[in-house]
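Please look over the sequence and the fold before reading on. The paragraphs below go through a few local features one at a time.

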Amino acid sequence: MSSFTEQLAKIKTEKGFIAALDQSGGSTPKALRLYGVSEDAYNGDEEMFDMVHKMRTRIVTAPAFNGQRVLGAILFENTLDRDIQGVPSATYLWQELSVVPFLKVDKGLAALEQGVQLMKPMPQLGELLEKAKQQPVFGTKMRSFIAEANEAGISAVVDQQFEVGKQIIAAGLVPIIEPEVDINSPTKAEAETILKAKILEHLDQLGDDELVMLKLTLPEEACFYQDLINHPKVVKVVALSGGYSRDDANSKCAANPGIIASFSRALTEGLSAQQSDEEFNASLDTAIDSIYQASAT
């Protein structure tokens, strides 16, 4: 059985959640600050990425982080290019931990227009996908942002996501389509209604062997995305924490059976560079267990 077939079966059938460890250049300083590493502790991007790689290495080498509760992990390209305990990161995750590797491929967000932020151009996407295929990477992730219920804007977001998604599918990977809806949007529920309809239109147009995953903001109405969960072209629907605290994100995730977590800030909440290994490992175990339980509902 190929690693892709094994990974597909794991994501489809096993209980657990996906760890989002993919903070990139823009979001890394904030992630480090929350971890207790201030900006005067490093000089320039290279030292910053060294620091965040140490943080991620500490997470994935902790006893609690393994394929029994963590189904997958989303990596930033810089992490893909680095080693964990002398082994390429994606290979370490899959071969040592049985955690399915994903790769963030977007290059950030364009300016707000029509109530949304599209993805910036990705001129090197083909090369990045080829790099991913050289390692046991199963899929990719790319994020857009929806600030308000503007039908033209949301339609543009979904069109772009699926257009790029088809390129990723053609390269032999499974794209995570992530059109995040702002949790603070005054028209969040209306935006979700438009978004679901647009996604279903695109799902119905996919070919027999074209599969996607969806990463969505937890909806205002419980079980609102059941049609997406049940769609034959959807491997899994995962939820972003979107700024909710871990407790709130877990509660909302548990209220949506069939959706599993793919949390970033909510996963690392409470972890600190200043903690002893014993304290760090205990805190991470608590976080992983709570997110696992919310996802296993």
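A residue is called buried when its relative accessible area is under 20%, exposed when it is over 50%, and partly exposed in between. The model shown here is a predicted one.

With those cut-offs, begin with Gln114, which is found in the loop between strand E5 (100-104) and strand E6 (116-117). Its relative accessibility is 44%, so Gln114 counts as partly exposed. The backbone of Gln114 has a positive phi of about 55 degrees, although the residue is not a glycine. As background, most residues other than glycine have a negative phi.

Cys223 sits in the loop between E9 and helix H9 (226-230), and its phi is positive, near 65 degrees, in a residue other than glycine. Cys223 is partly exposed because its relative accessible area is 39%.

Is helix H5 (residues 89-97) largely enclosed or largely open? Seven of its nine residues are buried, so H5 is largely enclosed by the rest of the structure. The buried residues are Ser89, Ala90, Thr91, Tyr92, Leu93, Trp94 and Leu97.

Next come the strands. How many of the residues of strand E10 (residues 234-240) are buried? Seven of its seven residues are buried, and E10 is described as mostly covered. Strand E10 pairs with strand E9 (residues 212-217) in the parallel sense, over five bridges. In one of these contacts, Thr217 has Leu240 in E10 as its bridge partner. Strand E10 is also joined to strand E11 (residues 259-261), by three bridges, and these two strands run parallel. Here Val238 stands opposite Ile260 in E11. In a regular strand the side chains alternate between the two faces of the sheet.

Which residues form the negative surface patch? The patch is made by Asp159, Glu163, Glu201 and Asp204. Helix H7 (151-170) and helix H8 (188-204) are the elements that give two or more residues to this patch. Asp204 has its place in helix H8. Asp204 is classed as exposed because its relative accessible area is 56%, whereas Gln114, at 44%, counts as partly exposed.

Methods: Residues are numbered from 1 along each chain as its sequence is written. This is a predicted model: local features need pLDDT of at least 70, side-chain atom pairs count only at pLDDT 80 or more; totals for chains, interfaces and linings use all residues. Side-chain values use heavy atoms; hydrogens and water are left out. Patches are made of residues with over 30% relative accessible area and no salt bridge: like charges are joined within 9 Å, nonpolar side chains (Val, Leu, Ile, Met, Phe, Trp, Tyr) within 5 Å. Accessible areas come from the Shrake-Rupley method with a 1.4 Å probe; for residues, only the protein chains shown count as cover. A salt bridge is a side-chain nitrogen of Lys or Arg within 4 Å of a carboxyl oxygen of Asp or Glu. Lys and Arg count as positive and Asp and Glu as negative; His and the chain ends are not counted. The place of a charge is taken as NZ of Lys, CZ of Arg, CG of Asp or CD of Glu. Helices (H or I, at least four residues) and strands (E, at least two) are DSSP runs, numbered from the N terminus. Buried means under 20% relative accessible area, exposed over 50%, partly exposed in between (1.4 Å probe, protein chains only). Two strands pair if DSSP finds at least two bridges between them.
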